[in-house]
There are 2 protein chains.
Amino acid sequence: MTPFADRLLAAVDRVKNPTVLGLDPKIDYVPTSIREIARQRFADPAQATAEALLEFNRRLIDALSDLVAVAKPQFAYYETLGPHGARCLAETIRHAKDRGMVIIADAKRNDIGPTAEAYARAILGETDLVDGSSKAFLDADAVTLNGYLGADGIVPFLSVCDRLGKGVFVLVRTSNPSAVDFQDLPLADGRPLYEAVAAKVAEWGAPRVSACGYSSVGAVVGATWPEQARTLRRLMPSTPILVPGYGAQGATADAAAASFDAQGRGAVVNASRSLMCAYNLKVHEGRLTAEDFESAARSEAVRMRDDLTAAIRRKNTNA
Amino acid sequence: MTPFADRLLAAVDRVKNPTVLGLDPKIDYVPTSIREIARQRFADPAQATAEALLEFNRRLIDALSDLVAVAKPQFAYYETLGPHGARCLAETIRHAKDRGMVIIADAKRNDIGPTAEAYARAILGETDLVDGSSKAFLDADAVTLNGYLGADGIVPFLSVCDRLGKGVFVLVRTSNPSAVDFQDLPLADGRPLYEAVAAKVAEWGAPRVSACGYSSVGAVVGATWPEQARTLRRLMPSTPILVPGYGAQGATADAAAASFDAQGRGAVVNASRSLMCAYNLKVHEGRLTAEDFESAARSEAVRMRDDLTAAIRRKNTNA
């Protein structure tokens, strides 16, 4: 069983692209033809909606899996569809794993003791059933966590990770404007709060560093604040970093590059709408229709790969 | 549409009991007879497990709804069963609402922008479907939130709450030992972090105070730290407080009473295992079997009501 960080870095190496395909599907994103087929096939509108999202996800995954090696489903969008959404999520993950992608479950879970264990089983592990059997429903490779509850909210996940070769990404410094409300508050010891969280993330990861030099305890560090990202990369040298905020949220490739190490490794950069709805720009330019979403997503994945790769090279040449 | 806080306080008044029935079902808790019936009726072991949990929940709700007016399903336990769990959760909530209970969805969600809106729609609101219709899957009355992302993680929920008369409970000071890791860190201005979170919770709630004197923006404050709870009650005078930690986690009724106001209102106290598995103690005493879980839960709900009511009275007599 290969440790999570080794699998993550190998996946990125395979495609030479640190991009993460954020799968945050909304029905508005789905081209009309897919929606119409789903409506005709399924009488229940909730099921039809979930099936349309699933077909859209599957086709995006098929279009991108030679260019992008990591997928990050955002659980909120699936949860809007109840049981149908839960099935769509599980099928999306299974399809992406079948295509060789590493799955980061973006669930931002946080709870303690047996409840944290239940979340870990639900997302990364297996559930014990009434007949004595057990079943893995999602079997994701890693999950995002919110650390506000302290070690009690993280350690139960790490037990599951250690056993199954999986990982977590703890929110350290997020990409949104109001991250300043609490994360940036100055502590009595002079550090901002997010540096105290980073120190704990590094501590939890220290005994979990694998062959690639990175641990199974990752961090989420937004690309919108590159100065802080540089500090955090230094404070957490063995921590894989998941970088949101590139593209739709306005951060540049140079800003995202701050989370990479001197070898250009150790981070992955999420893109959700900019890949899922890449067709939008070209539709506006009159060059494509929404039905061409796959080729538009491929072009954008190549553009993003080249943009990030060049920025990472620039950073490490200048350093 | 009655505001959430008015509905919450009226529900507690109806039964004269601030207890919240925490519905955190595990298959181990379910008496053998219920498990066996589910196994015989459903060939799929995951479905059988979910059906056993649902039947256990339903019978607990039926046994308690004249004594306990608020139910708090903990989402993690349902999520361990994938689509079957999602259905079990929705049916549990529907059954409890049919019995007049107010539902606090214990999901501790936290995300920003459109993702936060998606969670709000999934748990409190409605989802737009592919045929132009919309559907409420859970329709809970309130949801627990983690505020680490700042206002961007809270405000999208409040928009939904304002429109639908619903509420949120933001984690301020949790009941677990490692709450100290971050929540208690001293800030440069001398306050612990949780007081900065409390100030924001009070601020978000200020324009949302309804007839009862409380707002739709609640807080989670553990009973395990009564001194801090007294401070937080003072800092958030219009904030309804959800109190975990009583019973199984070791806090006394006197400790839980610290979150109530001078009129003995404004807080609710969760009990999960101590109600769901109340039969355990009596089984050990040789007086009951697990099949008597309903009468054991009723006895415990009465004991808890009297324990809390006496402690709240003591506090307000001594004050």
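Tutor: In this predicted model, the contact between the two chains draws 63 residues from chain B and 63 residues from chain A. On the side of chain B that touches chain A, the elements giving two or more residues include α3 (45–64), α5 (82–98) and α6 (113–123) of chain B, and by class that side has 34 nonpolar, 15 polar and 14 charged residues.

Student: Within chain A, where is A:Gly113 found, and why is A:Gly113 called partly exposed?

Tutor: A:Gly113 belongs to helix α6 (residues 113–123) of chain A. A:Gly113 has 14 C-beta neighbours inside 10 Å, and since a residue is exposed at 12 or fewer and buried at 20 or more, A:Gly113 therefore counts as partly exposed.

Student: Which residues is A:Gly113 in contact with, leaving aside its neighbours within four places in sequence?

Tutor: Those residues are A:Asp152 and A:Pro156; A:Pro156 is 43 residues away along the chain, yet its C-alpha atom is separated from that of A:Gly113 by 6.6 Å.

Student: What makes α6(A) and α7(A) oblique to each other?

Tutor: The axes of α6(A) and helix α7 (residues 155–164) of chain A come within 8 Å and cross at roughly 40°. Angles under 35 degrees would count as roughly parallel and 65 to 115 as roughly perpendicular, so the two helices are oblique to each other, and their crossing is right-handed.

Student: Which residues of α6(A) and α7(A) meet?

Tutor: From α6(A) come A:Gly113, A:Ala116, A:Glu117, A:Ala120 and A:Arg121, which meet A:Pro156, A:Phe157 and A:Val160 in α7(A); the residues of this contact divide into five nonpolar, one polar and two charged.

Notes:
Residues are numbered from 1 along each chain as its sequence is written. Chains are lettered from A and ligands numbered from 1 in the order in which they are written. This is a predicted model: local features need pLDDT of at least 70, side-chain atom pairs count only at pLDDT 80 or more; totals for chains, interfaces and linings use all residues. Helices (H or I, at least four residues) and strands (E, at least two) are DSSP runs, numbered from the N terminus. Two residues are in contact if their C-beta atoms, placed from the backbone, lie within 7 Å. Ala, Val, Leu, Ile, Met, Phe, Trp, Tyr, Cys and Pro count as nonpolar, Asp, Glu, Lys and Arg as charged, and the others, Gly among them, as polar. Axes are lines fitted to C-alpha atoms, for helices over the stretch in contact, and angles run from 0 to 180 degrees between N-to-C directions. Angles under 35 degrees count as roughly parallel, over 145 as roughly antiparallel, 65 to 115 as roughly perpendicular and the rest as oblique. A crossing is left-handed if the near helix is turned anticlockwise from the far one by less than a right angle, and right-handed if clockwise.
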